[in-house]
Amino acid sequence: MSIPRESKRARLRRMHDEYAILCRVIPEPACALDFDSPFQLLVATVLSAQTTDKRVNTVTPALFAAYPTPAALAAADPQRVEDIIRPIGFYHTKTRNIIALSAQIESRFAGRVPDTMEELVTLPGVGRKTANVVLGNAFDVPGFPVDTHVIRVTGRLRWRDDWNDPTPDPVRIEREITACFPPEEWTDLSHRLILHGRATCHARKPDCGACPLNDTCPSAH
């Protein structure tokens, strides 16, 4: 069945209608990573690459018990850190990054995690997605992390122009989606899209029959 062409105004209206539904279905979205400080969230987010938040949460208690501060982690024995985070995969690279970023937090930022995008992305292993997670959840600065769930859900909902691009640009997605919502919504918007992707809009087989957006989602018809 062919989908009628949708004007930008109609799409924007549909986006806000669909987001209102997600707000009702997911009233209290939250970061799935466990953390007690900006430093813990930064490290946990770097560790979450190519694995699940749930798995990261199984290793961070021991990691932060052993290395509670940037100074402690910067001085850590890499082998010991690798032994702790080995279950989450890619532990060589992740160990190198979290030790290096801790050292830079100490040397460049007096032991405090920076609270701007420009500074965060200069740290080893930290890209825009990680920086947005930290900004939005640790500092209450509007941030819109674009992960695989956000890419998939915004594509299936056709909230963006390049919805059928097999290799979409996350930075372009961030700019296009955030232009449609007020900054104070960005962090929760990302959380809700991620949670919806995990619970319903699965990668291999979306559960369209149980989806609250089924009536208006272009991919469900």
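**A tour around helix H3**

Start by selecting residues 53-66: this is helix H3, whose 14 residues reach 20 Å from first C-alpha to last, close to the 20 Å expected at 1.5 Å a residue. That expected span is 1.5 Å times one less than the number of residues. Helices here are DSSP runs of H or I with at least four residues, numbered from the N terminus.

Before going on, note that this is a predicted model, in which local features need pLDDT of at least 70 and side-chain atom pairs count only at pLDDT 80 or more, while totals for chains, interfaces and linings use all residues. Residues are numbered from 1 along each chain as its sequence is written, and side-chain values use heavy atoms, leaving out hydrogens and water.

Now centre on Val59, where H3 bends by about 35° (the angle between axes fitted to the seven residues ending there and the seven starting there). Pro61 is the proline that follows within four residues.

Next, show the side chains of Asp53, Val56, Asn57, Val59, Thr60, Leu63 and Phe64, the buried residues of H3 (under 20% relative accessible area with a 1.4 Å probe, protein chains only; exposed is over 50%, and partly exposed lies in between). As a reminder, an α-helix has 3.6 residues a turn, so residues three or four places apart point the same way. What do the buried residues of H3 pack against? Their partners are helices H2 (38-47), H4 (70-74), H5 (78-85), H6 (91-109) and H11 (186-199).

The axes of H3 and H5 come within 9 Å and cross at roughly 155°, where axes are lines fitted to C-alpha atoms over the stretch in contact and angles run from 0 to 180 degrees between N-to-C directions. H3 is therefore roughly antiparallel to H5, a label for angles over 145 degrees. Val59, Ala62, Leu63 and Ala66 of H3 meet Arg80, Val81, Ile84 and Ile85 of H5, contact being heavy atoms within 4.5 Å.

Move on to H2 and H6, which pack at about 155° with axes 10 Å apart, so they too are roughly antiparallel to each other. On the H2 side, select Phe39, Leu42, Val43, Val46 and Leu47; they meet Lys94, Asn97, Ile98, Leu101, Ser102 and Ile105 in H6.

Finish with two loops. Between H2 and H3 you will find Gln50, not a glycine, yet with a positive phi of about 65°; Gln50 is exposed at 67% relative accessibility. In the loop between H5 and H6 sits Phe90, also not a glycine, with a positive phi of about 50° and an exposed relative accessible area of 55%.

Note on methods
Angles under 35 degrees count as roughly parallel, over 145 as roughly antiparallel, 65 to 115 as roughly perpendicular and the rest as oblique.
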